[in-house]
Structure formats: structure tokens, C-alpha cells
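This report concerns the sheet, the helix packing and the pocket of the structure shown here.

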Amino acid sequence: MKLIILFPPPTDVEKFEADYAEHLQMFHEKMDVPSWAKPYTITKFAPETLLGPSPYYHMFVLPFESAEELNAVLTSQAMQEVAQHAAEISSGGMPVTLLGQ
């Protein structure tokens with residue numbers, strides 16, 4: 001299972017990048033992930049696609065061993081705080097949250 005977060009293009013890219021660096025630090029602290037560990041991937045999208053402007057700027061993907069593990073993390077107080085912060089720094093609109101395999 002995977003948790004996928006898609007961030008729309010921010011209104012201020014430099015501010016988003018600074019805020020997102022703080023957000024990742026918060027994620028590591030709240031989720032008790034060592035600062036050197038990166039159990040996730042981050043993809044930044046090109047601003048243009050073949051069909052026009054990209055609807056997303058940035059994608060965060062966090063894999064899990066099982067649906068149960070994913071559910072336990074999603075319902076934790078720590079993840080709720082991290083998710084709230086993600087919404088606060090996403091100046092281009094609410095991030096989209098998807099679950100995948």
C-alpha cells in the first residue's frame with residue numbers, strides 16, 4: 001500500500017520549498033523517522049504537460065507493508081498533525097490524498 005500526496009502548483013514556489021523543508025523535518029520528528037532515513041519518494045513535476053499546465057507541482061509517496069499498517073499511521077495523532085501542516089503550507093489549494101498499491 002502507498003500513501004500518495006499531490007500538491008498543486010504553489011502561489012510562491014520559494015516559500016513553498018522553504019515551508020516544505022520544515023514540513024519534512026516535522027514529518028521525521030512526529031513520525032519518529034531518523035533524519036537520515038527517507039522511506040518516501042518525492043517527485044517534482046514539470047510545469048507544463050503535453051496537454052497544458054500541470055495540475056500538480058509535487059508528489060510525496062510513502063509505502064507501507066500492509067493496509068493495516070497504513071491505516072494505523074493515517075489514524076495516528078502524529079500523522080493528523082503532519083497532514084494539517086501539509087494543508088497549511090499548500091498555497092495553491094488543498095493537497096490531494098490518494099491510496100494505492
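## Basis of the description

The model is predicted, so local features need pLDDT of at least 70 and side-chain atom pairs count only at pLDDT 80 or more, whereas totals for chains, interfaces and linings use all residues. Residues are numbered from 1 along each chain as its sequence is written, and side-chain values use heavy atoms, with hydrogens and water left out.

Helices (H or I, at least four residues) and strands (E, at least two residues) are DSSP runs numbered from the N terminus. Two strands are taken to pair if DSSP finds at least two bridges between them.

## The sheet

Four strands form an open sheet in the order β2-β5-β1-β6, with antiparallel pairing. The edges are held by β2 (41–44) and β6 (96–100); each has a single partner strand, so one side of each is left without a neighbour in the sheet. From one strand to the next, the twist averages 20°; angles run from 0 to 180 degrees between N-to-C directions, and axes are lines fitted to C-alpha atoms, for helices over the stretch in contact.

β1 and β5 run antiparallel and are joined by six bridges, with V61 in β5 as the bridge partner of I4. Five bridges link β1 to β6, again in the antiparallel sense, and L6 has V96 of β6 as its bridge partner. Helix α1 packs on this sheet, touching β1, β2 and β5 (58–63), and its direction makes about 10° with that of β5. Contact here means heavy atoms within 4.5 Å.

## Packing of α1 and α3

The axes of α1 and α3 lie 10 Å apart, and the two helices pack at an angle of about 180°. They are therefore roughly antiparallel to each other, the term for angles over 145 degrees.

From α1, the contact is made by F16, D19, Y20, H23, M26, F27 and K30; α3 contributes A78, M79, E81, V82, H85, A86 and I89. By class, these residues divide into nine nonpolar, two polar and three charged. Ala, Val, Leu, Ile, Met, Phe, Trp, Tyr, Cys and Pro count as nonpolar, Asp, Glu, Lys and Arg as charged, and the others, Gly among them, as polar.

## The largest pocket

The largest pocket has a volume of about 280 Å³. Of its 18 lining residues, I5, M79, V82, A83 and A86 are the closest to its centre. A pocket is an open set of points on a 1 Å grid over the protein atoms alone, where a 1.4 Å probe fits, with protein on both sides within 12 Å along at least five of seven lines; lining residues have an atom within 4 Å of a point. Grid points are joined across faces, edges and corners, and the volume is the space filled by probe spheres set on them.

β1 (2–7), α1 (13–30) and α3 (77–89) each supply at least two lining residues, and α3 gives the most, with six. The lining has 15 nonpolar, three polar and no charged residues.

Definitions and conventions
Angles under 35 degrees count as roughly parallel, over 145 as roughly antiparallel, 65 to 115 as roughly perpendicular and the rest as oblique.
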